[in-house]
Amino acid sequence: MKYYVKNMVCDRCKMVVKQEIEKLGLQVLSISLGEIELIEDLNSEQKQHVKEVLETLGFSLIDDKKSRLIEQVKTIIIELVHHDNSELKINLSDYLSDRLHLDYNYISNLYSEVEGTTIEKYYIAQKIERVKELIVYDELTLSEIAFKLNYSSVAHLSSQFKKTTGLTPSYFKNIKAEKRKPLDKV
């Protein structure tokens with residue numbers, strides 16, 4: 001049986017969730033960002049226990065269809081920006097439609113209704129967090145970062161960075177406090 005989990009944003013999240021589920025004596029068939037597949041279906045008592053354990057770790061089980069779709073959109077964007085950033089050769093709306101097999105207008109309207117912001121703003125926020133991460137690592141030039149994250153130019157990256165953070169990338173590189181946010185807080 002497949003269950004959906006909110007706030008799983010990295011491989012460490014998958015590892016922690018898997019360990020905690022297994023501590024409860026449940027067998028995990030597979031795990032991916034935002035999803036756990038268990039060998040057997042949970043009864044209501046087991047489901048409540050899993051829910052409580054996950055909530056202590058900052059995760060939560062998602063029960064309704066709309067919330068699952070929103071979480072899938074977020075997971076796809078996080079994977080795209082933080083793990084597979086070279087994959088987006090088509091526009092984001094087509095990419096999401098293809099991955100979710102749904103009309104983008106439906107996805108977009110539902111996302112905006114539930115989250116109070118647009119998919120595009122969430123995508124930009126994730127890209128800016130990735131830019132911050134790469135700036136902090138100090139291994140790539142701004143030009144290389146712009147190329148890696150599919151920006152049309154360094155000027156476009158810098159403009160979007162300043163609009164989102166209020167800082168220029170070079171100023172950001174020079175300051176040391178509060179540089180990055182956890183992905184689930186973006």
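What we have here is a predicted model, where local features need pLDDT of at least 70, side-chain atom pairs count only at pLDDT 80 or more, and totals for chains, interfaces and linings use all residues. Residues are numbered from 1 along each chain as its sequence is written, and side-chain values use heavy atoms, with hydrogens and water left out.

So, the overall picture. The chain has nine helices and four strands, and along the sequence they come as β-α-β-β-α-β-α-α-α-α-α-α-α. The C-alpha trace spans about 55 × 40 × 25 Å along its principal axes. Of the 186 residues, 39% are buried; that means under 20% relative accessible area, with exposed over 50% and partly exposed in between, using a 1.4 Å probe and protein chains only. Take contacts, meaning heavy atoms within 4.5 Å, between residues at least 6 apart in sequence: 59% of them join residues at least 24 apart.

Now a helix pair. Who meets whom? On the α3 side you'll find, among them, Val73, Ile77 and Val81, and on the α6 side, residues including Ile119, Tyr122 and Lys127. The residues of that contact divide into eight nonpolar, two polar and five charged. In that count Ala, Val, Leu, Ile, Met, Phe, Trp, Tyr, Cys and Pro are nonpolar, Asp, Glu, Lys and Arg are charged, and the others, Gly among them, are polar.

On to the rings. Rings of Phe, Tyr and Trp (its six-membered ring) pair if their centres lie within 6.5 Å; planes under 30 degrees apart are stacked, over 60 edge-to-face, and the rest tilted. That rule gives two aromatic pairs. One is Tyr111 with Tyr122, a tilted pair at 6.2 Å centre to centre and 55° between the planes. Tyr111 sits in helix α5 (residues 104–115) and Tyr122 in helix α6 (residues 119–137), so the pair ties together parts that are eleven residues apart in sequence. Both of those tyrosines are buried. Then there's Phe161 with Phe172: the ring centres are 5.4 Å apart and the planes at 70°, so this pair is edge-to-face. Phe161 belongs to helix α8 (residues 154–165) and Phe172 to helix α9 (residues 169–174), and Phe161 and Phe172 are both buried.

Also in α8 is Gln160. Why does Gln160 count as buried? Because its relative accessibility is 14%. Leaving aside residues up to four places away in sequence, Gln160 touches Ile124, Ile128 and Tyr151. And Tyr151 has Lys127 over its ring face, at 4.0 Å from the ring centre; the criterion is NZ of Lys or CZ of Arg within 6 Å of the centre and within 35 degrees of the ring normal.

Last, a bit of backbone. Asn7 has a phi near 80°, positive in a residue other than glycine, and sits in the loop between β1 (2–6) and α1 (11–23). His101 also has a positive phi, near 55°, in the loop between α4 (92–100) and α5. Buried or exposed, His101? At 70% relative accessibility, His101 is exposed.

Terms used: Helix = DSSP H or I, 4+ residues; strand = E, 2+ residues; numbered from the N terminus.
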